[in-house]
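Me: I would like to go through this model in questions and answers. Please set out the terms as they come up.

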Amino acid sequence: MNSLTHAETPGLSLQGAALDSRAWELCVAPMIDVTDRHCRYFHRLLAPQARLYTEMITTGALLHGNVPRHLDFHVSEHPVALQLGGSEPLDLAKAAKLGEQWGYDEINLNCGCPSERVQKGAFGACLMAEPGLVADCIKAMQDAVSVPVTVKHRLGLDYDDSYSFVRDFVGRIHETGCRVFIVHARNAVLKGLSPKDNREIPPLRYDMAARLAVDFSDSVFVLNGGLASIGQCEEALETFHGVMLGRAAWHTPDILADLSVRLGHVEQRVNDHTVLEAMMEYAAEQVQAGVALRHVIKSMLGWQTGRPGARRWRRMLSDPKALAENKPELLAQAWAQLG
Ligand SMILES: Cc1cc2nc3c(=O)[nH]c(=O)nc-3n(C[C@H](O)[C@H](O)[C@H](O)COP(=O)(O)O)c2cc1C
């Protein structure tokens with residue numbers, strides 16, 4: 001990471017409204033099959049001010065599917081952003097409007113997912129090749145809602161590592177008035193790499209993301225990709241307005257609690273027992289409402305990583321037999337296994 005210092009960015013504005021750049025200081029990444037509402041409820045307990053993102057929801061799923069199933073969330077999740085996948089301006093506008101009506105605080109467009117399924121739908125990362133279309137999509141969404149419309153993107157496509165590609169992409173979106181960019185700081189390789197490899201093999205280039213933050217100094221830039229320690233996040237925050245954690249929040253969720261203290265979001269780290277009790281209460285409500293326990297607690301498996309007994313904790317919470325009983329007390333029983 002170079003040591004460019006990010007501007008204080010006074011007077012940031014979005015669609016004419018003042019934009020609080022600190023609102024993006026700590027974000028939890030959208031992750032399909034991970035950051036569902038139960039996971040976000042848990043993350044909120046750990047990090048009272050983190051900005052939480054939904055899994056990507058496609059416009060097709062939203063406009064033709066079960067809207068409450070896709071959009072319902074708990075009031076404690078605020079601030080919470082809805083991430084959309086799509087490339088049809090009208091559909092995106094309708095989906096964004098639904099999201100705003102449902103109470104989401106931000107609508108984010110996915111321009112970073114490289115999966116084949118997403119490419120077939122002509123959205124996700126392949127949209128980076130069509131900045132004009134992305135600008136039309138953003139404009140249509142901005143016209144439909146008054147909450148911030150933001151973009152999550154990569155640095156480039158395939159093996160093109162020129163800075164001008166991403167600068168021009170961001171520049172075109174910037175013309176629409178969009179002022180929040182979440183940069184997964186590596187390329188997406190559209191052919192030949194799986195989504196998992198696409199999160200590991202293309203090299204991270206934080207310096208290039210930092211150039212964007214300098215060149216578009218009236219905008220909020222959030223760095224994403226490979227951030228897994230407090231030190232890395234603190235260093236990134238010297239350059240960027242925010243950090244977004246994906247796999248670290250999933251594998252070691254406690255980092256959210258530690259960061260919340262370090263960033264001054266809370267005075268004291270939340271007590272583990274408070275979190276455990278809150279999750280047991282929440283699990284009881286959810287189970288009563290017909291949700292399977294395994295869905296409610298799956299984001300907690302990595303919570304006690306590093307502590308003696310963590311393996312037993314994980315094993316108990318993923319034991320199919322125990323989960324089938326659907327009893328929230330399983331959390332307390334697993335807790336008793338910890339040293
Ligand atoms: C299981 C999984 C699912 C993901 N799903 C999405 C998604 O729905 N939308 C998106 O923009 N990125 C998605 N990503 C990418 C993450 O948001 C993030 O950009 C990536 O994991 C890099 O950040 P990290 O190194 O902190 O994990 C996903 C990542 C993982 C591991």
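Reply: A residue is buried if 20 or more other C-beta atoms lie within 10 Å of its own, exposed if 12 or fewer, and partly exposed in between, with C-beta atoms placed from the backbone. The model is predicted: local features need pLDDT of at least 70, side-chain atom pairs count only at pLDDT 80 or more, and totals for chains, interfaces and linings use all residues. Residues are numbered from 1 along each chain as its sequence is written.

Me: Is D33 buried or exposed?
Reply: D33 lies in the loop between β3 (26-28) and α1; helices (H or I, at least four residues) and strands (E, at least two) are DSSP runs, numbered from the N terminus. D33 is not a glycine, but its phi is positive, about 65 degrees. Because D33 has 8 other C-beta atoms within 10 Å, the residue is exposed.

Me: What is the omega of the peptide bond from H78 to P79?
Reply: Most residues other than glycine have a negative phi, and most peptide bonds are trans. P79 is placed in the loop between α3 and β6. The bond from H78 to P79 is cis, with omega near -5 degrees.

Me: Which residues does E77 touch, not counting those up to four places away in sequence?
Reply: E77 is in the loop between α3 (67-71) and β6 (80-85). E77 counts as partly exposed because it has 18 C-beta neighbours inside 10 Å. Contact means that the C-beta atoms of two residues, placed from the backbone, lie within 7 Å. On that basis E77 touches R40, Y41, R44 and L52.

Me: How is the chain divided?
Reply: Domain bounds come from an automatic or database domain assignment. The chain is divided into domain 1 (13-262) and domain 2 (272-335).

Me: Which element gives the largest share of the side of domain 1 that touches domain 2?
Reply: The contact takes 12 residues from domain 1 and 12 residues from domain 2. On the domain 1 side, the elements giving two or more residues are α1 (37-46) and α10 (247-251). The largest share, 6 residues, comes from α1.

Me: How many residues has the largest nonpolar core?
Reply: A nonpolar core is a set of buried Ala, Val, Leu, Ile, Met, Phe, Trp, Tyr and Cys residues joined through C-beta atoms within 7 Å. Those with the most contacts inside the largest one include C27, V183 and F221. The number of residues in this core is 90.

Me: Which residues around the ligand come nearest?
Reply: A residue is near a molecule if its C-beta atom, placed from the backbone, lies within 6 Å of it. There are 23 residues around the ligand. The nearest are A29, M31, M56, G246 and R247.

Me: Over which residues does pLDDT stay under 50?
Reply: pLDDT is the predictor's confidence in each residue, from 0 to 100. The chain averages 94, and 95% of the residues score at least 70. Where pLDDT is low, the predicted coordinates should not be read in detail. The values stay under 50 over residues 1-10.
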